[in-house]
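Welcome! Please take a moment with the sequence and the structure below before reading on.

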Amino acid sequence: MIRRATPAGLVGAGLAVAAATVTAVLPLLLDTPQLTVYTELLLSAVVTAGVSLLLGYAGQISLGHGAFYAVGAYTAALMAIHGLPTLLGLACAPLVAGLLGLLVGVPLLRLRGHYLAFATLAFQLIVLAVIGQESWLGGDIGLSGIPALGIGSQEITGYRGYAWAAWLALLLVMVLTRNVVRSRPGRGLRALATSEMAAASSGVPVGRYKLAVFGLSAAFAGLAGGIFAFFMAYLAPGSFPVLLSIQFVVMAVVGGLGTVWGPLVGASSITLLVQWLNDVGAQPGMPAHAPQVFSYAVYALLLVLAVLFLPRGLVPAGADLLRLMTRRLAREESDAAAGERVPSPQGP
């Protein structure tokens with residue numbers, strides 16, 4: 001059976017193609033500082049995609065995805081520093097992070113609600129403490145001299161190349177997310193998001209699905225961390241603060257939980273707003289701690305506003321508005337066509 005494309009679907013597909021084209025061409029128009037923000041924005045969107053899946057479908061909140069981000073970064077960096085191909089290090093980054101996610105997910109996912117949130121937060125603190133104490137991980141001094149990402153002798157030498165690498169990573173993650181959501185397990189995840197008890201009674205393996213989503217979200221974070229390691233060429237425990245994990249959760253909630261485009265929209269909104277507030281906080285006469293205070297304040301304020309006024313996020317709200325507009329347009333066209341078919345009254 002061939003499904004007929006709806007006007008809203010056609011408009012959505014057109015917007016998706018336009019967004020992909022614009023974001024791919026954008027690095028050609030940005031300078032070096034802007035490329036840095038752009039790359040970090042896309043890497044945040046990659047991690048947020050996993051958090052959005054975990055929170056939106058499995059119903060599990062994680063305040064420790066910064067740890068998987070760090071694990072992916074250190075995996076890629078250590079392999080590259082010890083002479084292994086950088087592309088192999090990047091490929092192993094999501095694998096190691098995903099396996100670690102499966103390993104720690106077995107005990108952690110037995111918890112619920114704020115207990116799970118605190119447990120994942122404690123996990124990140126443990127990871128950062130281990131990194132800071134182990135000399136082979138660089139300790140508090142950090143790892144430096146990380147080679148550039150490349151294949152053989154061909155290396156990425158400029159900021160623009162890493163921007164496109166982050167763009168490809170986000171494209172891959174969005175395609176995987178879309179396929180997972182629309183697959184047969186994805187239908188089970190949607191049932192799980194509606195009611196865990198109802199999903200279990202319908203035969204959905206709740207525990208296994210939760211663990212799989214947790215591991216997949218950790219792998220997404222590891223992939224972003226691998227690119228981040230080569231992009232920065234230096235890693236330290238301070239590169240992965242606890243605030244980073246809170247940032248991913250806020251981005252997921254603001255963009256729209258369980259959506260394909262929500263991570264990109266949420267990451268763009270939060271990153272650009274925080275960047276503007278940092279610029280304001282760095283103005284002459286402002287206290288030295290103003291940028292940090294602004295960051296915490298904006299995360300708290302946006303999270304509260306999103307829960308109160310946009311509980312489903314920006315993307316679902318925009319989709320609802322788009323459907324309303326297309327229905328109104330279709331109704332107006334139908335009324336106009338009906339008016340043309342009505343014969344005009346004839347005179348005597």
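## A pair of helices

Helices α6 and α9 run roughly antiparallel to each other. This is a predicted model, and in it the axes of α6 (residues 159–182) and α9 (residues 206–232) cross at roughly 175°.

Which residues of α6 and α9 meet? On the α6 side, they include Tyr 159, Tyr 162, Leu 172, Val 173, Leu 176 and Thr 177. Their partners in α9 are Leu 216, Phe 220, Leu 223, Ile 227, Phe 230 and Phe 231.

## A lysine in α9

Now have a look at Lys 210, which also belongs to helix α9. Is Lys 210 buried or exposed? Its relative accessible area is 5%, so Lys 210 is buried.

Leaving aside residues up to four places away in sequence, Lys 210 touches Ala 58, Gln 60, Leu 109, Arg 112, Leu 192 and Glu 196.

## Helix α5 and its neighbours

Next comes helix α5, covering residues 113–133. From first C-alpha to last, the 21 residues of α5 reach 31 Å, close to the 30 Å expected at 1.5 Å a residue.

Several residues of α5 are buried, among them Leu 116, Phe 123, Val 127, Leu 128 and Ile 131. Gln 124 and Thr 120 are buried too. What do the buried residues of α5 pack against? Their partners are three helices: α3 (65–81), α4 (86–108) and α10 (242–255).

Notes:
Residues numbered from 1 in each chain as written. Predicted model: local features only at pLDDT ≥ 70, side-chain atom pairs only at ≥ 80, totals over all residues. Heavy atoms only, no water. Axes fitted to C-alpha atoms, helices over the stretch in contact; angles between N-to-C directions. Helix = DSSP H or I, 4+ residues; strand = E, 2+ residues; numbered from the N terminus. Parallel < 35°, antiparallel > 145°, perpendicular 65-115°, else oblique. Contact = heavy atoms within 4.5 Å. Buried < 20%, exposed > 50% of the residue type's maximum accessible area, 1.4 Å probe, protein only. Expected span 1.5 Å × (residues − 1).
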